Amino acid sequence: MRDGIVLINQQLAGEVMARLENRTAIITGGAGVIGRKASRLFLEEGAYVLLVDIDESGLQDACDELGSNRCSYFVGDVTSATDNDSMVEIATERYDGVDIFLANAGVEGEVKPIVDYDEARFDQVMAINVKAPFLGLKSVIPAMQKRGGGNIVITSSIAGVSATPNLSAYGTSKHAVIGLMRAAARECAPLNIRVNTVNPAPVYSRMIRSIEEGLSPDSADEIRAAYEERIPMNKYAEPEDIARAMLYLASDDSSYITGSVHMVDGGMTS
């Protein structure tokens with residue numbers, strides 16, 4: 001009898017775990033740490049995953065690391081309308097459509113006062129962090145309509161609801177994608193497409209180290225310690241902490257949530 005109960009429990013657990021069974025997800029910034037963690041969780045939940053990034057070697061490494069025949073990649077520039085259309089076409093050719101779009105590609109830009117900030121660099125940050133999600137939405141929404149709906153998650157930041165001196169371009173871009181998300185959520189609700197943002201605190205990653213060194217090249221560790229002191233949980237987020245929030249928003253567990261900003265920040269903005 002016990003063996004039968006165990007078998008039933010295992011079957012039930014399998015059904016519960018397969019939250020993204022046979023759904024197709026496009027993940028931009030797929031070569032980065034958060035993109036990789038999200039990809040692994042999505043695959044574990046039964047999804048097909050197309051990783052998109054401009055870094056081909058990083059994409060190859062990510063796919064090798066994931067080790068799944070349900071995962072592949074496309075080398076593309078997220079600021080290009082043509083490449084955004086291509087990623088949707090490729091996902092459709094390989095996996096029959098698009099159900100989930102994780103607009104996760106992003107850059108931190110320079111750490112400088114506004115008066116010293118390079119205009120071209122500002123434009124680059126806005127192109128990658130804002131224009132790219134906009135173009136992604138333009139490409140994926142029609143594909144999701146054909147599937148009868150879908151889920152879109154845009155990566156913002158605590159910088160989308162607060163400000164840090166000398167990170168004007170980054171903060172501006174992360175505020176902007178919240179506005180983009182809210183507009184898209186309103187437009188897409190009748191199409192059965194949900195749109196939300198995930199707003200991480202500092203995450204153990206290359207990006208936060210770059211910001212720490214930009215704020216204080218000779219004492220980056222002191223900057224980290226000061227940041228961690230501002231977080232009630234006294235630590236940075238792990239990439240998987242952010243990926244789990246993305247999984248929640250990409251699944252039916254969040255079926256009545258759209259147009260929302262989701263802080264994953266250890267209480268930093270509380």
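Predicted model: local features only at pLDDT ≥ 70, side-chain atom pairs only at ≥ 80, totals over all residues.
Residues are numbered from 1 along each chain as its sequence is written. Local features need pLDDT of at least 70, whereas totals for linings use all residues.

**Exercise 1.** Determine which strands pair with β2, and whether β2 is buried or exposed.

*Solution.* 
Step 1. Strands are DSSP runs (E, at least two residues), and helices are runs of H or I with at least four residues, numbered from the N terminus.
Step 2. Pairing requires at least two DSSP bridges between two strands. Strand β1 (residues 24-28) is joined to β2 by 5 bridges, and the two run parallel; Ala25 has Val49 of β2 as its bridge partner.
Step 3. Strand β3 (residues 71-75) also pairs with β2 in the parallel sense, over 5 bridges, with Val75 of β3 as the bridge partner of Asp53.

**Exercise 2.** Characterise the lining of the largest cavity.

*Solution.* 
Step 1. A cavity is a set of points on a 1 Å grid over the protein atoms alone where a 1.4 Å probe fits but cannot get out; lining residues have an atom within 4 Å of a point.
Step 2. The structure holds 1 cavity of 30 Å³ or more.
Step 3. Helix α5 (119-147) and strand β4 (100-103) each give two or more residues, and α5 gives the most, with 3.

Definitions and conventions. Heavy atoms only, no water. 1 Å grid on protein atoms, 1.4 Å probe; cavity = no way out; pocket = protein on both sides within 12 Å on 5 of 7 lines; lining within 4 Å. Points joined across faces, edges and corners; volume = space filled by probe spheres on them.
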